[in-house]
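Please keep the sequence and the structure in view while you read.

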Amino acid sequence: MDDDWMRDWGKLDDIAYNVCGGQSPGTCPICMIGELRFYYHAFKSNLGLSPRCALWVWCSHCRRGGIAHGIGAMSWWEWADPLDEVKLAELRKDPPLTKHLNRMWEENLIRHDVPTNPAKLKK
Ligand SMILES: [Zn+2]
């Protein structure tokens, strides 16, 4: 059952932007059961575009997902990225991307903690 992943345009998008600020996403606000998972990717600027980055958030329990996109590069996000442009493009041919990200999370290919955002510490 991979076709029941759904995009949530409201709360989970907001939480994705919060993670970009260095917050842990916490419990899913939709089902109140799942701990939210996340993945950050910085796209390379090989098309003459400025680097564009995105951060996905999803719940493996109710299978809702959100995204923060068009965000600036987060240099403090120091974890190694398990996906390069080619691999990510391959996964996107078999949507939704979230099911692949969730599998990678469960295989520990994606780190489960948010790195420390130095801007957040100054507040
Ligand atoms: Zn949920």
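The briefing that follows is grouped by topic. The model is predicted, and its description starts with an open sheet of four strands, whose order is 1-4-3-2 and whose pairing is mixed. Strand 1 (6-7) and strand 2 (37-42) stand at the edges with a single partner strand each, so one side of each has no neighbour in the sheet.

**Pairing within the sheet**

- Strand 3 (residues 53-58) and strand 4 (residues 64-71) run antiparallel to one another and are paired over six bridges.
- Two places where this pairing can be followed residue by residue are V57, which stands opposite G66 in strand 4, and L55, which stands opposite A68 in strand 4.
- Strand 3 and strand 4 together form a hairpin with five residues between them, and in the turn R63 has a positive phi of about 60°.

- Helix 1 (residues 11-20) lies across strand 2, strand 3 and strand 4, and runs at about 50° to strand 4.
- Which residues of helix 1 are buried? They are L12, I15, A16, V19 and C20.
- Seen down the axis of helix 1, these buried residues fall within an arc of 155°, and therefore they line one face of the helix.
- The buried residues of helix 1 pack against strand 2, strand 3 and strand 4, while just after the helix G22 takes a positive phi of about 100°.

**Helix 3 and what covers it**

- Helix 3 (residues 97-106) packs on the sheet and touches strand 2, strand 3 and strand 4, its direction making about 75° with that of strand 3.
- The buried residues of helix 3 are L97, T98, K99, L101 and N102, and what covers them includes strand 2, strand 3, strand 4 and helix 2 (85-92).

**Backbone details in the loops**

- As background for this group, most residues other than glycine have a negative phi, and most peptide bonds are trans.
- P95 and P96 are joined by a cis peptide bond, with omega at about 0°, and P96 has its place in the loop between helix 2 and helix 3.
- M32, although it is not a glycine, has a positive phi of about 65°, and this residue is found in the loop between helix 1 and strand 2.
- Is M32 buried or exposed? A residue is called exposed if 12 or fewer other C-beta atoms lie within 10 Å of its own, and M32 counts as exposed because it has 10 C-beta neighbours inside 10 Å.
- N108 has a positive phi of about 60° although it is not a glycine, and its place is in the loop between helix 3 and helix 4 (118-122).
- N108 has 9 C-beta neighbours inside 10 Å, and so N108 counts as exposed.

Note on methods:
Residues are numbered from 1 along each chain as its sequence is written. This is a predicted model: local features need pLDDT of at least 70, side-chain atom pairs count only at pLDDT 80 or more; totals for chains, interfaces and linings use all residues. Two strands pair if DSSP finds at least two bridges between them. Two residues are in contact if their C-beta atoms, placed from the backbone, lie within 7 Å. Axes are lines fitted to C-alpha atoms, for helices over the stretch in contact, and angles run from 0 to 180 degrees between N-to-C directions. A residue is buried if 20 or more other C-beta atoms lie within 10 Å of its own, exposed if 12 or fewer, and partly exposed in between; C-beta atoms are placed from the backbone. The arc is that of the directions from the helix axis to the C-beta atoms.
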